[in-house]
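Biologist: I have a structure here and would like to go through it. Can you put it up?

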Amino acid sequence: MVQYNFKKITVVPGGKDFIDIILSRTQRQTPTVVHKGYAINRIRQFYMRKVKYTQTNFHEKLSTIIEEFPRLDDIHPFYGDLLHVLYNKDHYKLALGQINTARNLIGKIAKDYVKLLKYGDSLYRCKALKVAALGRMCTVVKRIGPSLAYLEQIRQHMARLPSIDPNTRTILICGYPNVGKSSFINKITRADVDVQPYAFTTKSLFVGHTDYKYLRYQVIDTPGILDRPFEDRNIIEMCSITALAHLRAAVLFFLDISGSCGYSIAQQAALFHSIKSLFMNKPLIIVCNKTDLQPLDGISEEDKRLVEEMKSEALKTVIGQGGEATNDQGGVLLTMSTLTEEGVISVKNAACERLLDQRVELKMKSKKINECLNRFHVAMPKPRDQKERPACIPQAVLEAKAKEAEEAIQKAKKKLEKDLEDDNGGAGVYSASLKKHYILAHDEWKEDIMPEILDGHNVYDFVDPDILQRLEELEREEGLRQEQDGEDDDVEMGTDLTPEEKEALAEIRKKKSLLIQQHRIKKSTAESRPTVPRKFDKDKQFTSKRMGRQLKSVGLDPSLAIERARSKSRGRKRERSIDRDDAMDIDGEQSNKKRLRTSISRSRSVSRPPHEVVPGEGYRDSAQKMKAMVLAKQSSKKRNKDARRGEADRVIPTLRPKHLFSGKRGKGKTDRR
């Protein structure tokens, strides 16, 4: 199966961009330094290499353009005519021809100048020949600039064309504008074609895909066609004519019998008869759309006669394919409404069935079928006598089937929550009742509304007046059970323990109970409770006077508590340093450092020396810690030298700045290079 994918065509650069791309590549990919002192043969090779490389790049780019654009004579006639309608075949061929001529001219220029460079006798002459060769090549490319721009526009338009396979199963929809073609393709496929209540909304071919009997069908929506001479039709209409002429497809001719499209049935019948030559050898179905506005039986006699004529023409296509003419309308004349979706699926199924029958018939008539039939042999069994031999089914299988049927019946009888939801409005409407599973004395009590507030009181406070008593009983029972479990554990453990172990166990339990009591006492004291910050005590309610009054009312002496609170609120004063006279009485062995340390405030803590081992660091002693610190310092030395942020820093600094080490050398100093 041939697939046409025009989206993979390479972008075509403009004339100026084309030259910039090639010359910059030559500059980057070839040597750039040559001196007068070089041998003349080396100078010739230097400039010959530049000319040849430039010609090769031009040749490759132009060859890519010529090869990737499709040749109209080699592709399917449908795409050939479609490209001719959209872009004019003559202009297209002329542009590609100019590209081919430019490619040959550039090759000829390079060949001539390489021949001249072989006889260059100086650096200046070789360079002049190189400049002339590249200049003539660029002039050739500049002249084909309009052709390159034209091909780029064609490439962009071709990339937007739908991917249509001319050889696969296809359903083609045609008819006057605004008769419901796009609405139909939106209904039967996942295509999203714009639908508007005016003519020529669809301006190009649109493709959708649908399935029928496990086979994929492509459905093509064509723009509307008007009944006028072939020469007067525009590009939009010619796209439809091209598809009708070249695609082997089932044709659905849409007929608007309500007249809401703006065209009468007589005008639509005239269009049908003017393009009926395009329907030859194709399954044809006439679809009467918009029956919700006007049923087929309600049209006038004149319109009925026109519809019957169109039906008789469609029946000829059935007879031409080897079918039989039928009097019913089910084969070639169908009615539907895309608004109400009445008859949409039957139209799709009829078109797919007609197309499938025609394709099978054509394959049966082809020569390939004989080769396939020689490989097949269908065996038809014949009875050897008149005796009946019914199928024997084991009894166990029959019982299992009967059991499955009973289970299915029982399952069908039981209504699940999902079934109730579907019966009562679906999701978002149905709300499941949580009260139906309540266990009450009477089922009718389940849906009763329980008040929360009654006579100004909370109902739940009076549900069980003995709730606290029962809670205490439960706690007491739980405590008894825990004690009993503890005794059982002691009995179990006591059987295996020695007297010394029993004493140790008793000590452990005693220590544990003491710790628990201390923790409870600590939690219950006022020290563990949070103090009220001064910023929240704006009204100065929590004062020492108030505390004194409260303690006196209880019968306690508040003086010590008030003094303690005052001492806590004051900051720690610096202790008086030792006078110089008193210092004379101190033993002379006390050093100045010790005197200074005693004068410093006691509130400041002494810093820990770095070699001191702190519990939890993982060092054996201070020597091991000092050794680890030295190793860490040595490991970071290289990283700090490279100016890295850390071990994960993988930045490679720019060791050779571009502005110092790139480009051609000038006449100045070169020692910094």
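Modeller: One term to begin with: a nonpolar core is a set of buried Ala, Val, Leu, Ile, Met, Phe, Trp, Tyr and Cys residues joined through side-chain atoms within 4.5 Å. Buried means under 20% relative accessible area, exposed over 50%, and partly exposed in between (1.4 Å probe, protein chains only). The model is predicted, so local features need pLDDT of at least 70 and side-chain atom pairs count only at pLDDT 80 or more, while totals for chains, interfaces and linings use all residues. Residues are numbered from 1 along each chain as its sequence is written, and side-chain values use heavy atoms, with hydrogens and water left out.

Biologist: Which residues touch the most other members of the largest nonpolar core?

Modeller: They are F69, F184, L244, L252, F253 and F279, in a core of 114 residues. Helix α4 (residues 89-117) gives the most to this core, with 11 residues. Helices (H or I, at least four residues) and strands (E, at least two) are DSSP runs, numbered from the N terminus.

Biologist: What is F184 in contact with?

Modeller: Leaving aside neighbours within four places in sequence, F184 is in contact with I173, L252, F254, M336, T338, V344, V347 and K348. Contact means heavy atoms within 4.5 Å.

Biologist: Which residues of α11 are buried?

Modeller: Among them are V344, V347 and K348, which are also on the contact list of F184. Others include C352, R354 and R359. Helix α11 covers residues 344-365 and reaches 32 Å from its first C-alpha to its last, close to the 32 Å expected at 1.5 Å a residue. That expected span is 1.5 Å times one less than the number of residues.

Biologist: Changing topic. How many helices and strands does the chain have?

Modeller: It has 22 helices and 8 strands. Of its 673 residues, 28% are buried.

Biologist: What about backbone angles?

Modeller: Most residues other than glycine have a negative phi. K213 has a positive phi of about 55° and is not a glycine. K213 sits in the loop between β2 (206-212) and β3 (215-221). K290 also has a positive phi, near 65°, and is found in the loop between β5 (284-289) and α10 (301-320).

Biologist: Is K290 buried or exposed?

Modeller: K290 counts as buried, because its relative accessibility is 16%.
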